[in-house]
Amino acid sequence: MTPLQLTHFTATSCLGAGLAATQRALDQARSGLAPCQFETVDLPTYIGEVACLDAVQLPRALQRFDCRNNRLAQLGLWQDGFDAAVRAAIARFGPRRIGVFLGTSTSGILSTEIAYRHLDPDTGELPESFDYAGTHNSFSVVEFVRLLFGLSGPAVAVCTACSSSAKVFAAAQRMLCAHQIDAALVGGVDSLCLTTLYGFHSLQLTSAGPCRPFDVARDGLSIGEAAAFALLERASPEPEPEAVLMLGAGESSDAYHMSSPQPEGAGARRAMQVALDAATLDPGAIDYINLHGTGTPSNDSAESRAVTALFGTATPCSSTKGATGHALGAAGALEAVICALALKSGLMPGGLNVRERDPELTANYLTENRRAPLRRVLSNSFGFGGANCALLFGRGA
Amino acid sequence: MGTLSACIQGVGLLGPGLPDWGEARAVLGGERCYTAAPTVLPSPAILPPAERRRAGRVIRLALAIGTEAVARGAIDTRTLPTVFSSSGGDGDNCHEICSTLASRERQISPTRFHNSVHNAAAGYWSIAHGCTEASTSLCAGDASFGAGLMEALSQLAGGVPAVLLLAYDADYPPPLAAKRPIPDAFGTALLLARADPAAALPRLTLTLSDAAASTMQNEALESLRRSIPAARSLPLLEQLAQRRGGTVVLDFLDGARLALEVQP
């Protein structure tokens, strides 16, 4: 595929707002997970909550979009000069030549969950103040971002559960390569809500403590929230050595089960292989893999098998979800940005919370930070319904 | 600037008074009068019995239109990428989850939770067909049909030989219905392949446009077009049913419509 350049990128999660806070937490091997005290939730679990979202105010003209998810989106867009970069791109290309592709799984459904506690006792109607399209609908965050910047190009939300905001990179790449747009605002925004906290709990997939990917006693995930964005453009034929490029994307379906991965990781392996093929690279060219690594017994087992089958047992890999939690529909974009930081800084973040590595998992899982010059890295994201995506990033030189 | 184009190998359709593409083609082609009737969603025969019973309206709708679109072609669904696009999720399922979460118990069912994802229909399709190819699930609000079509055509431009687009919306139950009034279920599926001038199949080419959207002459069909996002496809389907060439303009996003040049 034609390489694309991530000309700007940013991430906000429980590690902090913006790249500096994110990099600092990764450097210090610090986790942002804490016992769940979110809203009225009464569950024995840890979460990765973004601080101070209640203080974020949306522009007056866009008040109908006010909800936790869009506040998180705005907080994220305001970091690292990303909003200025979007405005500069608009000045260069025009508002119709920039596409918006954002991943989310639950959008602003928290607003609906709360509204359901306040149904009219006589009529059963939702409160008048509840705005379905502005908050609940999956497209809400995309429409909010379009209006915030005055964009009028193609725009879509990708909603494939936990691979949503990885797949936006693939969708944007297709539209850029088909010359329908000149730049793409891609990313993921997903925020805490009761549906996912109680839902993953019902599936017995949440851990009572901070999640421990690749630990022998791992027992589930910790839910997080994040907003992560990148501005994608077609790369120049001779990119700067420092440039972060998207070299390939691979998508596949498990065709196995709605909420469990295929045990051998066949779908995961296929996605990684397609990404390598798109970049015409061999597995040996990959210096680091940021795993999906949720910390559920079945995910880590299937993913380790897939990685080992394709890469052997030498390629360093880790999950950063012990630090960030699982940001669900925002995880793909968050981890894409962590990969971009890894390429720039040479930091392969060690996986946190591991007391004893699972000997059954044969992939070369890092439990300590490691530094080395990195040229090409891979990021995995897998979602319910068997929706898999692997993204391949590299440096300009 | 590149163009997005495809030839249309198969169509699936299900909506109020439009039980399948065969019937709908007769109505849209002017051979038969349109008679409004509630959409009847068939039980999805491709699912195992337990899942068939639990399948909600959106899953039934998506599987029905997809099945019809691939029924006549010689296409291997195991290797066929899919693009699912819907303005909302499964409203009934969402209502049940929100009701439970507003109650004291809060214990939602695991099946309801995994069926709550926007890509549930895509997951069931891929499992039923053993399809391990890429599948995406999109939402662009009222613009979801157009966004799905753009995604499908960009996949063809990127080199896949064929792709199945499924665009569908089902009505919400109260109290959500008052906030999101969709009168009934409507969906259409298009089996799209790379444009081949030699093939005796209708072709379409897509561009963004500022022109006014095409409308339906029949008042009831125009009402569907205006009230159900997936029914924004009706002017295109009418063109196909009448085997007419020319350009139709579909409502898309605020500030942009889609011009589709159709060659019969």
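Two strands pair if DSSP finds at least two bridges between them. Helices (H or I, at least four residues) and strands (E, at least two) are themselves DSSP runs, numbered from the N terminus. With those terms set, start where the two chains meet. Strand β6 (residues 155-158) of chain A pairs with β3(B) in the antiparallel sense, over two bridges. Within β3(B), Cys139(B) is the bridge partner of Ala157(A).

The model is predicted: local features need pLDDT of at least 70, side-chain atom pairs count only at pLDDT 80 or more, and totals for chains, interfaces and linings use all residues. Residues are numbered from 1 along each chain as its sequence is written, while chains are lettered from A and ligands numbered from 1 in the order in which they are written.

Now widen the view to the whole interface. Two residues are in contact if their C-beta atoms, placed from the backbone, lie within 7 Å. The contact takes 54 residues from chain A and 54 residues from chain B. On the side of chain B that touches chain A, the elements giving two or more residues are α4 (91-102), α5 (110-115), α6 (120-129), β3 (135-139), α7 (144-157) and α8 (176-179) of chain B. Among these, α7(B) gives the most, with six residues. By class, that side of chain B divides into 28 nonpolar, 21 polar and five charged residues. Here Ala, Val, Leu, Ile, Met, Phe, Trp, Tyr, Cys and Pro count as nonpolar, Asp, Glu, Lys and Arg as charged, and the others, Gly among them, as polar.

Take chain A next. Chain A has twelve helices and 17 strands. Its radius of gyration is 20 Å, close to the 21 Å that the globule rule gives for 397 residues, so chain A is as compact as a globular protein of that length. The radius is taken over C-alpha atoms, and the rule is 2.2 Å times the number of residues to the power 0.38. Along the principal axes, the C-alpha atoms of chain A fill a box of roughly 65 × 50 × 40 Å. Of the 397 residues, 65% count as buried. A residue is buried if 20 or more other C-beta atoms lie within 10 Å of its own, exposed if 12 or fewer, and partly exposed in between, with C-beta atoms placed from the backbone. Among contacts in chain A with a separation of 6 or more, 80% come from residues 24 or more positions apart.

Chain A also holds an open sheet of three strands. The order is β3-β4-β8 (chain A), with mixed pairing. β3 (34-35) and β8 (223-224) of chain A stand at the edges with a single partner strand each, so one side of each has no neighbour in the sheet. β3(A) pairs with strand β4 (residues 46-48) of chain A in the antiparallel sense, over two bridges. Ala34(A) stands opposite Ile47(A) in β4(A).

Some backbone angles deserve a look. Most residues other than glycine have a negative phi, and most peptide bonds are trans. Ser107(A) is not a glycine, yet has a positive phi of about 50°. Ser107(A) lies in the loop between β5 (98-103) and α4 (109-115) of chain A. It counts as buried because it has 31 C-beta neighbours inside 10 Å. Leu328(A), also not a glycine, has a positive phi of about 50°. Leu328(A) is in the loop between α11 (321-324) and α12 (331-345) of chain A. With 33 C-beta neighbours inside 10 Å, Leu328(A) counts as buried. In chain B, a cis peptide bond joins Pro174(B) and Pro175(B), with omega about 5°. Pro175(B) is found in the loop between β4 (162-169) and α8 of chain B.

Chain B has ten helices and eight strands. Its radius of gyration is 18 Å, which agrees with the value near 18 Å for a compact globule of 264 residues. The C-alpha trace of chain B spans about 60 × 40 × 35 Å along its principal axes. Buried residues make up 58% of the 264 residues. For contacts in chain B with a separation of 6 or more, residues 24 or more positions apart account for 69%.

Finish with a helix pair in chain B. Helix α1 (residues 21-28) and helix α10 (residues 234-241) of chain B pack at an angle of about 85°, with their axes 8 Å apart. Axes are lines fitted to C-alpha atoms, for helices over the stretch in contact, and angles run from 0 to 180 degrees between N-to-C directions. That makes α1(B) roughly perpendicular to α10(B). Angles of 65 to 115 degrees count as roughly perpendicular, under 35 as roughly parallel, over 145 as roughly antiparallel and the rest as oblique. Ala24(B), Arg25(B) and Leu28(B) in α1(B) meet Leu237(B), Glu238(B) and Ala241(B) in α10(B). By class, this contact of α1(B) with α10(B) has four nonpolar, no polar and two charged residues.
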